[in-house]
Amino acid sequence: MVLGDKYRGVNSQVGEGGLYNLLRSKRMQIITLLLVLMSLLLGCMKEDAPMEEKYAHTFRLAESHPDNHPTTLADYEFARLVEEKTDGRIKIIVYNNQELGEEEEMIKQLKFGAIDFARVSSGPMAEYVPALNMIQLPYLYEDGDHMWRVLQSDLGRSFLSSVSEAGFVGLGWMDAGARSFYNDDGPIESVEDLQGMHLRVMNSHMMLDMVEALGGMATTLPYGEVYGALQTGEIDGAENNWPSYDTSSHYEVAGYFSVDEHIRVPELLLGSAKALENLSEADMAILHEAALETEAYQRELWQAEEKASQDKLVGYGVKVNVIEDRSAFREAMTPVYEKYASDYLETIKEIQEKY
């Protein structure tokens with residue numbers, strides 16, 4: 001049956017144009033029904049408005065480390081605290097394992113508001129805020145407690161706030177431990193033991209200058225190539241913290257770990273000034289409060305991780321020596337301090353003597 005046959009009887013009952021009018025009537029019924037449904041939907045949306053308000057801001061936090069790393073776990077804790085303290089109005093999603101790029105890329109994205117938060121090392125951040133060079137100078141701190149006394153003082157908070165000049169919001173500090181030398185020839189106990197040693201250091205001009213000042217020869221070999229270079233003798237040694245020495249398996253080809261703790265590079269939890277510019281003062285205060293709580297949480301995680309790695313490697317037979325008197329190492333750093341922190345020599349003296 002064709003459409004005309006189907007409606008012929010109807011058309012004869014409604015008269016000329018009856019089919020047209022009938023279809024028009026049905027179309028109006030459909031439109032009316034849609035309007036009713038839309039009205040109901042809008043009503044529901046109004047009722048749910050507080051829920052929308054509850055999730056007013058969704059932000060991204062970039063992290064280069066994997067899931068189980070202490071800083072990544074701290075990122076998740078920061079996100080949890082912020083959501084809890086804002087009753088869910090601010091939600092932070094953590095993207096770890098370099099999902100949003102390596103640290104240098106993360107910092108650039110953060111500066112221009114492409115991402116909202118990031119955990120980064122103060123090493124690459126010093127390219128944007130040169131004053132940060134001062135808090136990572138070689139042999140600056142006696143130990144980890146000394147560093148944290150500085151970071152949590154008014155002086156440390158002023159360094160955290162100084163990132164605002166470059167378009168960042170300084171929220172909190174994180175611990176990355178201390179870096180020490182390791183090799184496979186024997187313990188390093190004095191500056192003399194470093195003379196002529198070919199050592200791999202992290203990619204930092206200051207680290208290169210540090211090794212040169214100690215009488216060694218430095219290279220910034222890619223991290224993934226260090227194991228092979230140690231194995232073949234291309235380099236004599238390297239330097240890193242306990243967990244990295246462990247997870248990289250460098251202990252297998254460099255079994256002497258000499259604890260000189262030559263450098264502690266604090267890490268920062270940062271926000272993008274551009275991305276956060278519309279947040280209220282109350283919400284910004286909550287971010288700072290959550291970051292402060294996260295500092296203590298991350299530090300505990302790091303200390304536990306560090307001890308676990310050290311205990312494990314000592315059990316494997318790694319030979320550990322602690323350089324108790326580091327005065328000669330510190331004295332050798334005079335040209336490094338003058339090059340990277342000549343404007344802050346009085347502050348450096350304050351850090352070493354006051355805290």
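Two strands are taken to pair if DSSP finds at least two bridges between them. Helices (H or I, at least four residues) and strands (E, at least two) are DSSP runs, numbered from the N terminus. The model is predicted: local features need pLDDT of at least 70, side-chain atom pairs count only at pLDDT 80 or more, and totals for chains, interfaces and linings use all residues. Residues are numbered from 1 along each chain as its sequence is written, and side-chain values use heavy atoms, with hydrogens and water left out.

An open sheet is formed by 5 strands. Their order is β2-β1-β3-β10-β4, and the pairing is mixed. The edges are held by β2 (90–95) and β4 (168–174). Each has a single partner strand, so one side of each is left without a neighbour in the sheet. Neighbouring strands are turned by 25° against each other on average, direction ignored. Axes here are lines fitted to C-alpha atoms, for helices over the stretch in contact, and angles run from 0 to 180 degrees between N-to-C directions. Strand β10 (residues 267–272) runs antiparallel to β4, and 6 bridges join the two. Trp173 has Leu268 of β10 as its bridge partner. Helix α5 (residues 103–111) packs on the sheet. This helix touches β1 (57–62), β3 (117–121), β4 and β10, where contact means heavy atoms within 4.5 Å. The direction of α5 makes about 140° with that of β3.

Two helix pairs were also examined. The axes of α4 (residues 70–85) and α12 (residues 281–315) come within 8 Å and cross at roughly 150°. The two helices are therefore roughly antiparallel (angles under 35 degrees count as roughly parallel, over 145 as roughly antiparallel, 65 to 115 as roughly perpendicular and the rest as oblique). Their crossing is right-handed; that is, the near helix is turned clockwise from the far one by less than a right angle, whereas anticlockwise is left-handed. Contact residues include Leu73, Phe78 and Leu81 of α4 and Ile286, Tyr297 and Trp302 of α12. The contact comprises 13 nonpolar, 3 polar and 5 charged residues. Ala, Val, Leu, Ile, Met, Phe, Trp, Tyr, Cys and Pro count as nonpolar, Asp, Glu, Lys and Arg as charged, and the others, Gly among them, as polar.

Helices α9 (residues 205–213) and α14 (residues 334–341) pack at about 160°, with axes 9 Å apart. That angle makes α9 roughly antiparallel to α14. The crossing of α9 and α14 is right-handed. From α9, His205, Met206, Asp209, Met210 and Ala213 meet Val336, Lys339 and Tyr340 of α14. This contact divides into 5 nonpolar, 1 polar and 2 charged residues.
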